[in-house]
Amino acid sequence: MTVHRRAAAGLATLITAAALLLTGCTSGTKAQPQDTRSVSSDDARVKDMQQKLDDAESAAAQADSDAAQNN
């Protein structure tokens with residue numbers, strides 16, 4: 001049963017990160033016209049979202065690895 005729980009936890013993490021990435025739900029996000037936002041702010045936001053996605057993919061891969069080892 002723990003294998004299924006780990007796999008489900010990894011999948012839930014991946015889905016959550018993807019949802020955050022797709023909806024742009026990051027702390028401090030405000031709607032502003034394109035010309036008023038700074039490029040460095042956009043770069044930082046992209047890097048933050050990429051890090052979240054990388055973390056979710058890593059968690060999913062770890063869950064898959066754990067599931068494979070327990071079978």
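Q: Where is the place of M49 in the chain?
A: This is a predicted model, and its chain has two helices and zero strands. M49 falls within residues 39-70. That stretch is helix α2.

Q: Is M49 buried or exposed?
A: The cut-off for buried is under 20% relative accessible area. M49 comes in at 15%, so M49 is buried.

Q: What distance separates the C-alpha atoms of M49 and A18?
A: Along the chain, M49 and A18 are 31 residues apart.

Q: How many residues apart are K52 and D48?
A: Both of them lie in helix α2. Their spacing there is about one turn of the helix, and in residues that makes four.

Q: Are K52 and D48 buried, partly exposed or exposed?
A: Partly exposed covers what sits between the buried limit, under 20%, and the exposed limit, over 50%. K52 has a relative accessible area of 30%, and D48 has 34%. Because those values fall in that range, K52 and D48 both count as partly exposed.

Q: What share of the chain do buried residues make up?
A: The chain has 71 residues, and M49 is one of the buried ones. The buried share of the chain is 17%.

Notes:
Residues numbered from 1 in each chain as written. Predicted model: local features only at pLDDT ≥ 70, side-chain atom pairs only at ≥ 80, totals over all residues. Heavy atoms only, no water. Buried < 20%, exposed > 50% of the residue type's maximum accessible area, 1.4 Å probe, protein only.
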